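User: I am new to this structure and would like to learn how to read it. Could you walk me through a few features, one at a time?

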Amino acid sequence: MCECDAILNRVERWWNATQGTSRLAILTPYNLQVKLLKDQFEARFGESPVSHQVEILNTHQAQGLEWDTVFFSVADGPLPQNNPYFTDTDLPAGLQVVNTTLSRAKKHLRIFLDQQYWGERNIGLLSEVARRY
């Protein structure tokens, strides 16, 4: 839930900075995370103007599309059911999903992940990002 809250807080900051002059996508590899984000987004923003500038999709739905800003919800963490698969860039499927997600951003990209969890792992790009930032 913390990752979702962090994303929605950042959506609010993004909206205050852009006031509708750009488009934002929140992307995640997992359908359950899409549902959680959509439910929380609706509860927080309802039918406000921000709701018309933000799309929440899984990575596969985003293929071929681009946005000015992309928020990447990694949604993997220290729970047994969250063992990285789609985000493990040492696996071909994970590398493809992460590459597709990252390449959807035209101008700005924000990655939301459990920094401690990913920093302690050694499974590719997201571990490196967590250790460096």
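User: Is Trp-15 buried or exposed?

Analyst: Buried means under 20% relative accessible area, exposed means over 50%, and partly exposed lies in between, using a 1.4 Å probe and protein chains only. Trp-15 has a relative accessible area of 17%, so Trp-15 is buried. Trp-14 is buried too, at 7%. A word on the source: this is a predicted model, where local features need pLDDT of at least 70 and side-chain atom pairs count only at pLDDT 80 or more, while totals for chains, interfaces and linings use all residues. Residues are numbered from 1 along each chain as its sequence is written, and side-chain values use heavy atoms, leaving out hydrogens and water.

User: How many aromatic pairs are there?

Analyst: Rings of Phe, Tyr and Trp (its six-membered ring) pair if their centres lie within 6.5 Å; planes under 30 degrees apart count as stacked, over 60 as edge-to-face and the rest as tilted. By that rule there are four aromatic pairs. Take Trp-14 and Trp-15: their ring centres are 6.1 Å apart and their planes meet at 50 degrees, so this pair is tilted. Phe-41 and Phe-45 also make a tilted pair, with 4.8 Å from centre to centre and 45 degrees between the planes.

User: Where do Phe-41 and Phe-45 sit in the helix?

Analyst: Helices (H or I, at least four residues) and strands (E, at least two) are DSSP runs, numbered from the N terminus. Phe-41 and Phe-45 lie four residues apart in helix α2 (residues 31-45), so about one helical turn separates them. Both of these Phe residues are buried.

User: In which order do the strands of the sheet come?

Analyst: Two strands pair if DSSP finds at least two bridges between them. Here four strands form an open sheet in the order β2-β1-β3-β4, with parallel pairing. The edge strands, β2 (54-58) and β4 (105-112), each pair on one side only. Strand β1 (residues 24-28) pairs with β2 over five bridges, and Thr-28 has Asn-58 in β2 as its bridge partner.

User: Which strands does α2 touch?

Analyst: Contact means heavy atoms within 4.5 Å. For directions, axes are lines fitted to C-alpha atoms, for helices over the stretch in contact, and angles run from 0 to 180 degrees between N-to-C directions. Helix α2 packs on the sheet and touches β1, β2 and β3 (67-73), and its direction makes about 160 degrees with that of β2.
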